[in-house]
Amino acid sequence: MKRTCILLLFLVVVLNSTISYAADINIPEPSFYFYVYDEANLLDNEAEEYIIKTNEELNKKTGAQIVVVSLNSLDGEDIRLVAVKLFEKWGIGSREYDNGLLMLVAPNEREIWIEVGYGLEGPLPDSKVGRIIEDSIIPYFQEDNYQDGIISGFNEIIREVEEEYGITLDRENINEDLYYIGEYEGYTGFFQGIKGILIIIGIIVFLIIDFRLFNGFLTYSIFLRGRGYGGSYRGSSSRRSRGGGGRSGGGGAGGKW
Amino acid sequence: MMKGARWLIVLIVVVIAIGGLLIGRYNTLVGMEEKVNGAWAQVENQLKRRADLIPNLVETVKGYAAHEEEVLTQITEARSSFNRANTPSEYAEANAEFERALSNLYVVVENYPELKANQNFSELQYELAGTENRIATERMRYNEAVEEFNKTIRRFPTNIIAGIFGFEAKQYFEIDEQDMKVPEVNF
């Protein structure tokens with residue numbers, strides 16, 4: 001009886017042995033807010049908030065998701081492959097309509113790739129995406145102005161998506177400064193200057209306390225965490241977002257600067 | 001009598017267990033084969049999409065560089081290879097042929113600044129580059145599906161089921177490393 005049981009167990013194990021998959025390239029986990037993963041720290045809080053809020057409204061109305069990702073390193077991989085794999089892993093856009101889009105920026109490799117989900121290939125064919133990169137993004141990037149380049153490209157994409165779905169997102173109410181890119185630059189108010197100084201003082205105090213009391217443990221652990229933390233933004237919204245399971249098939253366009 | 005009944009029950013349980021698992025495995029194989037077929041359909045779609053871009057490309061180039069007949073013929077021929085192709089390896093060959101022709105074209109284009117500046121041509125280049133990447137993506141997914149399927153049907157004991165029901169290993173969509181290089185598009 002015992003032997004029979006063992007035999008049965010053996011059969012079950014053998015017949016159900018799963019297939020092992022080859023190790024894949026290193027793709028980070030989505031950030032808490034999902035819509036922005038800014039590993040290379042190209043965006044400030046306002047810009048991140050703008051992208052997140054616009055997406056929350058867009059997602060509520062259409063299920064579409066426009067995700068912005070910056071990576072410090074592509075680890076020698078082709079940016080297009082990284083974009084496809086990241087899109088696949090995060091499932092950007094709704095499962096039903098595959099209406100996701102990924103803007104992947106690698107500032108150190110000086111490359112950008114915009115990966116368009118299957119469902120958005122209609123309003124955003126490769127040539128249009130290429131044109132947006134060429135006209136609205138690269139000119140800013142060439143001046144190392146990553147934030148305005150990303151926001152300007154993001155706005156162009158949003159405009160096409162709005163047109164496709166016949167909706168209007170009230171972007172202006174969220175942050176007028178960012179929507180009108182050209183006027184944003186000169187605006188650095190008194191309080192923003194103070195804020196910067198306070199942040200620096202805060203960091204110095206943190207470092208002193210950490211190295212005195214914990215031998216620098218906290219500082220090291222922050223740096224050693226490396227990949228896996230892509231968002232500095234901790235804004236008013238505490239809603240966590242996730243990918244809807246959308247897919248892409250390598251459509252889109254890229255550029256270098 | 002008691003002992004015989006007990007063994008009969010064990011036997012029935014074993015038969016049901018094995019039968020159930022066999023059916024499960026068979027269904028898994030069917031599902032995987034469908035996945036391979038679906039992935040192949042996507043590859044074929046993208047290849048066709050590119051083949052459809054060719055006439056437009058040829059027309060545009062002709063407008064500026066009509067006497068570059070050799071390159072234009074090469075591209076047109078690559079298109080007819082597409083139409084003749086049936087199996088994944090034939091498609092892969094036609095694909096490589098087209099990529100060679102395309103990289104030759106890009107060399108020629110360098111001599112025609114007006115063609116390079118042409119709006120239609122630059123849009124075509126984006127479409128070609130995007131399609132190129134779509135082909136690469138769908139090919140990768142197809143090959144992954146094939147690898148998974150082929151591994152499964154060769155494994156014990158699934159290989160027995162595969163043998164009984166006539167599941168055969170699928171062909172990869174393969175191209176020489178040299179041909180895989182996508183022509184660079186610079187502006």
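Let me start with one pair of residues: A:Val68 stands opposite A:Met103 in strand β3 of chain A. We will come back to that pair, but first, some ground rules.

What we have here is a predicted model, in which local features need pLDDT of at least 70 and side-chain atom pairs count only at pLDDT 80 or more, while totals for chains, interfaces and linings use all residues. Residues are numbered from 1 along each chain as its sequence is written, and chains are lettered from A and ligands numbered from 1 in the order in which they are written.

Now, chain A. It has ten helices and five strands; helices here are DSSP runs of H or I with at least four residues, strands are runs of E with at least two, and both are numbered from the N terminus. Of its 257 residues, 37% count as buried. By buried I mean that 20 or more other C-beta atoms lie within 10 Å of the residue's own; 12 or fewer makes it exposed, anything in between is partly exposed, and the C-beta atoms are placed from the backbone.

Back to our opening pair.

How do β2(A) and β3(A) pair? They run in the parallel sense, over six bridges; two strands count as paired if DSSP finds at least two bridges between them. Elsewhere along these two strands, A:Gln65 stands opposite A:Gly100. To get from β2(A) to β3(A), the chain passes through α3(A), and this β-α-β crossover is right-handed. Right-handed means that, with the strands pointing away from the viewer, the path from the first strand over the helix to the second runs clockwise.

Let's look at the other neighbours. Strand β1, residues 36-38, is joined to β2(A) by three bridges and runs parallel to it, with A:Asp38 partnered by A:Ser70. β4(A), residues 111-117, runs antiparallel to β3(A), with six bridges between them, and A:Leu104 faces A:Trp113. β3(A) and β4(A) form a hairpin with four residues between them, and A:Arg110 in the turn has a positive phi of about 55°.

That arginine also leads us to the end of the chain. A:Trp257, in the segment after β5 of chain A, is in contact with A:Arg110, A:Ile138, A:Phe141 and A:Gln142, leaving aside its neighbours within four places in sequence. Contact means that the C-beta atoms, placed from the backbone, lie within 7 Å. Is A:Trp257 buried or partly exposed? It counts as partly exposed because it has 16 C-beta neighbours inside 10 Å.

Over to chain B. Its secondary structure is seven helices and zero strands. Its radius of gyration is 25 Å, whereas a compact globule of 187 residues would have one near 16 Å; the radius is taken over C-alpha atoms, and the globule rule is 2.2 Å times the number of residues to the power 0.38. Along the principal axes, the C-alpha atoms fill a box of roughly 95 × 25 × 25 Å. Of the 187 residues of chain B, 30% count as buried.

One helix to pick out is α3(B), residues 88-109. Its 22 residues reach 31 Å from first C-alpha to last, close to the expected 32 Å, which is 1.5 Å times one less than the number of residues. Among its buried residues are B:Tyr91, B:Asn95, B:Phe98 and B:Leu102.

Finally, where do the chains meet? 17 residues of chain A are in contact with 22 residues of chain B. On the chain A side, α1 (2-16), α3 (79-90), α4 (126-142) and β5 (248-256) each supply at least two residues. The chain A residues there divide into seven nonpolar, seven polar and three charged. For that count, Ala, Val, Leu, Ile, Met, Phe, Trp, Tyr, Cys and Pro are nonpolar, Asp, Glu, Lys and Arg are charged, and the others, Gly among them, are polar.

Note on methods. Contact = placed C-beta atoms within 7 Å.
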